[in-house]
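Please look over the structure shown here.

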Amino acid sequence: MKLKIYSVLYFLYFYLSGLLIPVLSLLLIDKGASLSNLSIILGLYAFTVVVLELPTGIMADVFGRKKTFCLSLVISTIGFIIILFGNGFGFMCLGIVFYGISKALASGSFDALFIDYYIENNGKNHLHNITSRLSVLEALGLSAGAVSGGFFPEITAQHFPALGMYDLNLIVRIALSVLVSAIAMIFIDETKRPENKERISIKQHVKNSSSLVMKNTTVVCIFISVFATGFFLSSLETYWQPHFISLLPSDDLMGLLGVMAFLYLAAATLGSIVSNKFIKKYKLNSKKLYLTMRLLISVFLVLTALQTHVYPFIGFYSVIYLMFGMANVPEGAILNGEVPSEIRASVLSVYSFILQIGGLTGSLLYSIIIKYVSIPIIWVLAASIIFVTVLITAKRFLSHVPEVLTAK
């Protein structure tokens with residue numbers, strides 16, 4: 001029963017995030033932002049998350065993951081109330097900063113709670129089960145939120161004309177945030193610190209965490225790969241739509257954009273499920289499976305870049321996300337298997353921080369070189385970065401590199 005409650009909460013949290021995916025820019029414009037300052041508002045959100053990612057992860061480990069997660073929901077509720085009732089650039093900036101703070105607080109805190117609960121009840125030998133569950137719940141929550149969030153403006157126009165076009169998205173999000181916070185407070189139990197174990201200072205926690213991570217080459221290798229993940233995802237998310245449109249033989253096929261978005265999200269979800277099944281059924285070595293999937297990502301990214309027709313492009317692009325989903329499960333199992341419970345939220349926040357830094361680095365580089373090269377060349381560059389990190393990681397992970405999928 002407790003596992004189901006954790007799963008429902010995790011799904012609902014990402015459902016909340018998905019509600020604004022299809023309308024966030026339109027919502028901000030409707031509330032007084034302009035096209036010229038929209039990027040400033042969204043950039044302020046990204047900056048807030050990056051700056052606070054590490055401090056909030058440490059806060060979760062030192063002061064409690066449950067308190068930190070519930071605090072994130074309270075702060076996001078305040079932010080969206082400001083956006084709901086406010087109007088103009090200043091209010092939108094203030095509301096989005098609160099949203100960024102809440103995102104940083106939530107990052108790692110509930111994941112760590114969920115993983116610790118699972119390890120406490122099932123041991124570390126089945127970590128691939130919980131990492132697969134988290135990946136699937138996240139994808140399903142985002143998908144369900146995005147789909148329903150896309151319909152809310154139409155419902156508002158038909159049944160609640162007195163509201164703003166996108167206010168229903170905000171109202172539902174605020175209401176569900178309060179509900180999720182209440183459920184978490186009532187039903188979630190955090191593992192209590194032993195009575196004879198004193199709470200260490202934040203400074204000492206940072207020192208201990210940094211020392212452990214830097215001495216663990218497996219964790220360092222995962223972080224190198226995570227940087228490459230942010231780098232290559234940035235190239236895909238930024239340029240797939242304009243490149244896709246350039247491949248369309250007719251404007252009548254613009255509806256394929258929606259089909260494409262659904263397929264690659266579904267492929268990532270399927271990859272997480274398949275990876276978990278393979279590990280359990282064939283007793284695959286998580287590290288070798290991880291390296292194999294990362295290598296295949298780089299291969300299919302190059303193959304996708306070479307496509308000149310829309311339907312093969314859709315197929316190869318979806319396979320990239322299938323491989324990505326399959327890589328996420330062993331990655332999560334490896335990382336959480338190496339990390340002690342007392343620093344788990346901090347390490348997961350570092351994970352998220354490095355992912356975002358990789359994405360920002362890629363975005364900066366791409367914005368410069370796109371003036372001189374084509375989109376497919378950028379994707380080949382991203383694939384080469386992944387390939388290099390696979391070679392670096394393989395030296396640590398494998399004693400015999402050629403045996404890629406040998407069972408344990």
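Q: What makes Phe232, Leu236, Ile320, Trp379, Ala382, Ala383 and Ile386 count as contacts of Leu301?
A: Contact means heavy atoms within 4.5 Å, and in this predicted model Leu301 meets that rule with these residues once its neighbours within four places in sequence are left aside. Residues are numbered from 1 along each chain as its sequence is written, while local features need pLDDT of at least 70, side-chain atom pairs count only at pLDDT 80 or more, and totals for chains, interfaces and linings use all residues. Side-chain values use heavy atoms, with hydrogens and water left out.

Q: Why is the set that includes Leu301 called a nonpolar core?
A: The name applies because a nonpolar core is a set of buried Ala, Val, Leu, Ile, Met, Phe, Trp, Tyr and Cys residues joined through side-chain atoms within 4.5 Å. The largest such core has 93 residues, and Phe110, Phe232, Phe244, Leu301, Tyr321 and Trp379 touch the most other members. Helix α13 (residues 310-338) supplies the largest share of this core, 14 residues, where a helix is a DSSP run of H or I with at least four residues, numbered from the N terminus. A second, separate core of 20 residues includes Val23, Leu38, Ile41 and Val49. In soluble globular proteins, nonpolar side chains tend to be buried together.

Q: What makes the pairing of Lys31 and Asp167 a salt bridge?
A: A salt bridge is a side-chain nitrogen of Lys or Arg within 4 Å of a carboxyl oxygen of Asp or Glu, and the N to O distance here is 3.0 Å. Lys31 lies in the loop between α2 (24-30) and α3 (35-63) and Asp167 in helix α8 (residues 167-187), so the pair ties together parts that are 136 residues apart in sequence. Lys31 and Asp167 are both buried.

Q: Which residues are linked in a network of salt bridges?
A: The network links Asp61, Arg65, Asp116 and Arg344. The closest N and O atoms are 2.6 Å apart between Asp61 and Arg65, and 2.5 Å apart between Arg65 and Asp116. Arg65 in helix α4 (residues 65-85) and Asp116 in helix α6 (residues 109-122) are 51 residues apart. By this rule, the count of salt bridges comes to four.

Q: What makes Ile224, Leu295, Val299, Phe387, Val388, Leu391 and Ile392 a nonpolar surface patch?
A: Patches are made of residues with over 30% relative accessible area and no salt bridge, like charges being joined within 9 Å and nonpolar side chains (Val, Leu, Ile, Met, Phe, Trp, Tyr) within 5 Å. These residues make a patch of about 530 Å², and α15 supplies the largest share, four residues.

Q: How do you know where confidence is lowest and highest among the helices?
A: The guide is pLDDT, the predictor's confidence in each residue, from 0 to 100. Helix α9 (residues 202-215) has the lowest mean, 71, whereas α12 has the highest, 95. Over residues 400-408 the pLDDT is below 50. Where pLDDT is low, the predicted coordinates should not be read in detail.

Note on methods:
Buried means under 20% relative accessible area, exposed over 50%, partly exposed in between (1.4 Å probe, protein chains only). Helices (H or I, at least four residues) and strands (E, at least two) are DSSP runs, numbered from the N terminus. Accessible areas come from the Shrake-Rupley method with a 1.4 Å probe; for residues, only the protein chains shown count as cover.
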